[in-house]
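Welcome! Take a moment to turn the model around on your screen before reading on.

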Amino acid sequence: MPQKSSPVFRFAPSPNGWLHLGHALSAILNSDAARRSRGRFLLRIEDIDATRAREEFVDDAYRDLAWLGLAWETPVRRQSQHLDDYASALDALKSRGLAYPCFCARSDIARAVADKERESGAPWPRDPEGAPLYPGTCRSKRDAEIASRLAAGEIPAWRLDMMRALAVLGGPPHWTESADGAQTSIDADPAAWGDVVVARKDIGTSYHLAVVVDDALQGVTHVVRGRDLYFATAIHRVLQILLGLPEPVYTHHRLVLDEAGGKLSKSVKSTALRELRAQGRAPAEIRAMIGL
């Protein structure tokens, strides 16, 4: 009888600021879960955004996590070193007609949405994060125009044709949510996101595409992350199914909030782990501060 593989958990920060208490909660929850299940704990650096990622943030993240008493497998996967993996996944979507080039700037989208709202007299639909849905301006562009603009050196973003993708899937997917020892099947609503960007103009991929490819290539079986990514799971499940990638079990944990009840920011010194380290706080105090 084949042996059951060990559970694999991961913590995957973006190095565009200092880690804070919210990151500590997510990292510790993943590490603790891996230890309890005799599984593996991975660290991944999500540094595809070269305009914001800084090496000093990477180095400091290693120091913060080691100070918290966490240990992870090496080598650490750096997204910036694996852009070919994401390009291959994007090519797979393109080859099936599931992704199309979008030449719109943000200002173009804002004008198109404003025009539609004036015409209809009603608010344009928003995605779960409150941003206006893409109005589909480039979805039906003719091949000749696309070829001409590409030949002229224009670099497009690439969007998932959500309605076509859902038709291929035969309807909306679901995901498995684990909480308090119980698992629940959650009906996803990817259509609420519209034609999401799967590859940005500047980096050739997106968070959504890179994260599902990374989780699959690293054998991640359990994704434990903040509640702020709960609704994005619908996008991730669509991409996993379209690309033939395995489905992890998801857990979306509570967020650590600031005094005003808002999500913590990497720019706030009072909650930065490096600041708390410098104050001589002990790791046990950090656990208490985040309710563990």
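Below is a short tour, from the whole chain down to a few side chains.

## The whole chain

Please keep in mind that this is a predicted model. The chain holds 10 helices and 10 strands. Its C-alpha trace spans about 60 × 55 × 35 Å along the principal axes.

How does the radius of gyration agree with that of a compact globule? For 292 residues, such a globule would come out near 19 Å, and the chain has 21 Å, which agrees.

Of the 292 residues, 46% are buried. The chain exposes about 15,000 Å², and carbon and sulfur atoms supply 51% of that area. Contacts also tell us how the chain folds back on itself: among those between residues at least 6 apart in sequence, 77% join residues at least 24 apart.

Charges come next. There are 38 positive and 37 negative side chains, and the centres of these two sets lie 1 Å apart.

Now find Arg111, which sits in helix α4 (residues 106-120). Is Arg111 buried or partly exposed? Its relative accessible area is 49%, so Arg111 counts as partly exposed; the exposed class begins over 50%. From Arg111 to Ala147 there are 36 residues along the chain, and their C-alpha atoms are separated by 25 Å.

## Aromatic pairs

A pair of aromatic rings is described by how far apart the centres are and by the angle of the planes. How many aromatic pairs does a search of the whole structure find? The search finds 4, and two of them are set out here.

| Pair | Centre to centre | Angle between planes | Type |
|---|---|---|---|
| Tyr62 and Trp72 | 6.1 Å | 25° | stacked |
| Trp175 and Tyr230 | 5.0 Å | 75° | edge-to-face |

The stacked pair of Tyr62 and Trp72 links distant parts of the chain, 10 residues apart: Tyr62 lies in helix α2 (residues 55-67) and Trp72 in the loop between α2 and β3 (77-78). Tyr62 has a relative accessible area of 25%, so this residue is partly exposed.

Together with Phe231, Trp175 and Tyr230 form one aromatic cluster.

Conventions: Residues are numbered from 1 along each chain as its sequence is written. This is a predicted model: local features need pLDDT of at least 70, side-chain atom pairs count only at pLDDT 80 or more; totals for chains, interfaces and linings use all residues. Side-chain values use heavy atoms; hydrogens and water are left out. Helices (H or I, at least four residues) and strands (E, at least two) are DSSP runs, numbered from the N terminus. The radius of gyration is taken over C-alpha atoms; the globule rule is 2.2 Å times the number of residues to the power 0.38. Buried means under 20% relative accessible area, exposed over 50%, partly exposed in between (1.4 Å probe, protein chains only). Contact means heavy atoms within 4.5 Å. Accessible areas come from the Shrake-Rupley method with a 1.4 Å probe; for residues, only the protein chains shown count as cover. Lys and Arg count as positive and Asp and Glu as negative; His and the chain ends are not counted. The place of a charge is taken as NZ of Lys, CZ of Arg, CG of Asp or CD of Glu. Rings of Phe, Tyr and Trp (its six-membered ring) pair if their centres lie within 6.5 Å; planes under 30 degrees apart count as stacked, over 60 as edge-to-face and the rest as tilted.
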